[in-house]
Amino acid sequence: MSTIDQSRLLQMRSSILNQNEALQRAAGRGGAGGVDGAAGTLDFGSAISAALQQVNAQQSKASEITEAYERGDTHDIVSVMIERQKASLGFETTLQVRNKLLSAYRDIMNIPV
């Protein structure tokens, strides 16, 4: 039986890590913040927080453009309605994700141990 060559193992490990970094760069993640280096996955809390911030920003934008239309600053009703629909869709999506998370939590809590 042959012995394990540690230098060969370290070389293989280094090669795998280099390939992993190259794949992450190609995917556009590049080891940026919010990515767990060990698993290579996004942190769930930061992903939810980022999504909620985007929904909030969209709703703020829709409110601003609606107020501008009401003041008479703009006459483009189409863009106002599109922004309001985007905000509504983002809110509905957030609501459905919350409902699914609550449902999953209830299911987990009802699992007999």
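**Helix packing in a predicted model**

Modeller: In this predicted model, helix 2 and helix 3 are roughly antiparallel to each other.

Biologist: At what angle do the axes of helix 2 and helix 3 cross?

Modeller: Two packed helices are described by the angle between their axes and the distance between the axes. For helix 2 (residues 44–71) and helix 3 (residues 77–109), the axes come within 9 Å. An angle over 145 degrees counts as roughly antiparallel, and the crossing angle here is roughly 150°.

Biologist: What is the handedness of the crossing of helix 2 and helix 3?

Modeller: The contact at this crossing includes L52, V55, A62 and I65 of helix 2, and V80, A87, F91 and L101 of helix 3. The crossing of the two helices is left-handed.

Biologist: Is T66 buried or exposed?

Modeller: T66 lies in helix 2. Beyond its neighbours within four places in sequence, T66 is in contact with V80 and R84. The cut-off for burial is under 20% relative accessible area; T66 has 12% relative accessibility and therefore counts as buried.

Biologist: Which residues of helix 2 are buried?

Modeller: The cover over the buried residues of helix 2 includes helix 3. The buried residues of helix 2 are V55, Q58, A62, T66 and A68.

Biologist: How does S79 count in terms of relative accessibility?

Modeller: S79 belongs to helix 3. Its C-alpha atom is separated by 9.9 Å from that of Y69, 10 residues apart along the chain. With a relative accessibility of 22%, S79 counts as partly exposed.

Biologist: What span does helix 2 reach from its first C-alpha to its last?

Modeller: Helix 2 has 28 residues, for which 40 Å is expected at 1.5 Å a residue. The span in the model is close to that value, at 41 Å.

Methods
Residues are numbered from 1 along each chain as its sequence is written. This is a predicted model: local features need pLDDT of at least 70, side-chain atom pairs count only at pLDDT 80 or more; totals for chains, interfaces and linings use all residues. Side-chain values use heavy atoms; hydrogens and water are left out. Axes are lines fitted to C-alpha atoms, for helices over the stretch in contact, and angles run from 0 to 180 degrees between N-to-C directions. Helices (H or I, at least four residues) and strands (E, at least two) are DSSP runs, numbered from the N terminus. Angles under 35 degrees count as roughly parallel, over 145 as roughly antiparallel, 65 to 115 as roughly perpendicular and the rest as oblique. A crossing is left-handed if the near helix is turned anticlockwise from the far one by less than a right angle, and right-handed if clockwise. Contact means heavy atoms within 4.5 Å. Buried means under 20% relative accessible area, exposed over 50%, partly exposed in between (1.4 Å probe, protein chains only). The expected span of a helix is 1.5 Å times one less than its number of residues.
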